[in-house]
Amino acid sequence: MHSEKKEDVFVVNLTKEEEQSENIIEEPVVCQKDTLSKKIVVISSEVMGQGDDVLGNVLMKGFIYALTQMDVLPSCVIFYNGGLKLACKGSAVLEDLKTLESLGVEILSCGTCLSHYGLVDEVAIGQVTNMYEIVERQMLASGVIRP
């Protein structure tokens with residue numbers, strides 16, 4: 001047996017010294033840590049909290065960036081009502097959302113909300129969804145995080 005660490009992955013090689021079987025797997029099997037949780041994030045506003053919207057905007061931007069830095073990520077981020085503007089062209093958090101998506105986090109935006117705000121053609125990341133899926137995702141989640 002031989003093991004080594006390559007970045008965040010451990011590679012273990014097992015060799016049988018006796019007669020080799022014909023069922024040997026030639027390619028290595030990679031076991032990676034599960035970084036997605038069964039929690040979801042739902043964002044219904046461009047700002048975090050109530051009070052000063054300028055501060056709320058800064059807090060929301062910080063919240064989304066902080067998500068990219070977590071060891072365990074939500075399985076998806078759902079945007080609805082005014083929050084879906086964060087997933088549209090010109091959003092200050094698009095790069096962080098792209099990072100989340102590249103890490104396996106689904107980005108979903110409410111189609112009814114996009115129509116209401118006239119932003120159907122402005123979605124810059126993720127998939128368009130409907131209220132049925134939004135409710136289903138929340139019901140099946142182990143936790144719902146609302147910044």
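**A walk through one predicted chain**

Helices here are DSSP runs of H or I with at least four residues, strands are runs of E with at least two, and both are numbered from the N terminus. At 1% relative accessibility, Ser109 counts as buried. Buried means under 20% relative accessible area, exposed means over 50%, and partly exposed is in between, with a 1.4 Å probe and protein chains only. Leaving out residues up to four places away in sequence, Ser109 touches Phe79, Ala87, Leu114, Gln127, Val128 and Thr129. Contact means heavy atoms within 4.5 Å.

A word on what you are looking at. This is a predicted model, in which local features need pLDDT of at least 70 and side-chain atom pairs count only at pLDDT 80 or more, while totals for chains, interfaces and linings use all residues. Residues are numbered from 1 along each chain as its sequence is written, and side-chain values use heavy atoms, with hydrogens and water left out.

Now the whole chain. The protein chain has four helices and seven strands. In sequence order, the pattern is β-β-β-α-β-α-β-α-β-α-β. Of the 147 residues in the protein chain, 31% are buried. Take the contacts between residues at least 6 apart in sequence: 70% of them join residues at least 24 apart.

Next, a pair of helices. Two packed helices are described by the angle between their axes and the distance between the axes. Helix α1 covers residues 53–68 and helix α2 covers residues 94–102; their axes come within 9 Å and cross at roughly 25 degrees. The axes are lines fitted to C-alpha atoms over the stretch in contact, and the angles run from 0 to 180 degrees between N-to-C directions. α1 and α2 are therefore roughly parallel to each other, the term for angles under 35 degrees. The crossing of α1 past α2 is left-handed, that is, the near helix is turned anticlockwise from the far one by less than a right angle.

Which residues in α1 meet α2? They are Lys61, Ile64, Tyr65, Leu67 and Thr68, and they meet Asp96, Leu97, Thr99 and Leu100 in α2. The residues of this contact divide into five nonpolar, two polar and two charged.

Lys39 lies in strand β3, residues 39–43, and is partly exposed, with a relative accessible area of 40%. Lys39 and Pro74 are 35 residues apart along the chain, yet their C-alpha atoms are separated by 5.0 Å. Beyond residues up to four places away in sequence, Lys39 touches Pro74, Ser75, Cys76, Ser142, Gly143 and Ile145.

Glu122 sits in the loop between α3 (111–117) and β6 (127–129). Its relative accessibility is 31%, so Glu122 counts as partly exposed. From Glu122 to Ala87 the separation is 35 residues in sequence and 8.5 Å in space, C-alpha to C-alpha. Ala87 is also among the residues that Glu122 touches, together with Cys88 and Lys89, again not counting residues up to four places away in sequence.

Last, Asn81. Asn81 is in the loop between β4 (76–79) and α2. Although Asn81 is not a glycine, it has a positive phi of about 45 degrees. Asn81 is partly exposed, with a relative accessible area of 40%.

Terms used. Angles under 35 degrees count as roughly parallel, over 145 as roughly antiparallel, 65 to 115 as roughly perpendicular and the rest as oblique. Ala, Val, Leu, Ile, Met, Phe, Trp, Tyr, Cys and Pro count as nonpolar, Asp, Glu, Lys and Arg as charged, and the others, Gly among them, as polar.
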